[in-house]
Amino acid sequence: MKLKTVEIKNFRLLKNVTVNVEDITTAIVGKNNSGKTAFGSVFRLFLSEKSIFSFEDISLGCHKRLFDLFKLYRKITLATREKVSEIIQRNFPKVSLKLTLEYSNQDNWSRVKPFITKLDNNNEIQIILELAPDSTINFFNDVSTVLTDITNPSEQQVLAVIENLISKFELKIRPDGDEVSVEDLKKDDILKLLRCHFIDAQRAVDDSSAAK
């Protein structure tokens, strides 16, 4: 099993990033505050049992969209509820990690099978992990309940409430594609396929002996 590409959306500094993974070792190089640490952190967030999702994990660029969607939610009427609910659900900024893996005949088929969704001869599977409320309408209803006494809440007030309700974001794991129905997937299903090791950057890397 080989991890080929990693796609990250709405996680910290990584608003929309795709990384091609090398066969043995992939080095992530860049300036400070360019998202190098976030790349390793997103794997820990999605695949570690002890990691905790926080509001700071959502890209800053998503904050305005969250506020705009909440304002749209507050304008819902009985006549527009179905249409507006669909718009909000579709545009809600999910924090996501998409993995493309390549398998061969030597891999354990029972581990690969749950992720097969396309009836073709391609030997790739794509797995999407997403963090978002199960129902965005119910989530905004909870936000609105907290802000009941405020007629026109500011962006700062809305985001502060969302931060306090961040535990309502749920992890969903699914194969990419809907040609074949699949059962619920869990982290353990992915860990049976994938093992990643990260070596964090070392700040002091100069070799003082080299100058002697």
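Predicted model: local features only at pLDDT ≥ 70, side-chain atom pairs only at ≥ 80, totals over all residues.
Reader: In what pattern do the helices and strands follow one another along the protein chain?

Author: The protein chain contains 7 helices and 5 strands. Read along the sequence, these elements give the pattern β-β-α-α-α-β-α-β-α-α-β-α.

Reader: What share of the contacts between residues at least 6 apart in sequence joins residues at least 24 apart?

Author: A contact here requires heavy atoms within 4.5 Å. Among contacts in the protein chain between residues at least 6 apart in sequence, the share that joins residues at least 24 apart is 74%.

Reader: Why is the pair of Tyr73 and Phe140 tilted?

Author: The search of the whole structure finds 10 aromatic pairs. In the pair of Tyr73 and Phe140, the ring centres are 6.0 Å apart. Planes under 30 degrees apart would count as stacked and those over 60 as edge-to-face. The pair is tilted because its planes stand at 40°.

Reader: How many residues apart are Tyr73 and Phe140?

Author: Tyr73 lies in helix 2 (residues 63-73), and Phe140 lies in helix 5 (residues 136-146). The pair thus links distant parts of the chain, with a separation of 67 residues.

Reader: Are Tyr73 and Phe140 buried or exposed?

Author: Under 20% relative accessible area counts as buried, and over 50% as exposed. Of the 212 residues of the protein chain, 37% count as buried. Both Tyr73 and Phe140 are buried.

Reader: Which residues do ring pairs link into a cluster?

Author: Tyr73 and Phe140 both belong to this cluster. The residues that ring pairs link together are Phe53, Phe70, Tyr73, Phe92, Phe139, Phe140 and Phe169.

Terms used. Residues numbered from 1 in each chain as written. Heavy atoms only, no water. Phe/Tyr/Trp six-rings, centres within 6.5 Å; stacked < 30°, edge-to-face > 60°. Helix = DSSP H or I, 4+ residues; strand = E, 2+ residues; numbered from the N terminus. Buried < 20%, exposed > 50% of the residue type's maximum accessible area, 1.4 Å probe, protein only.
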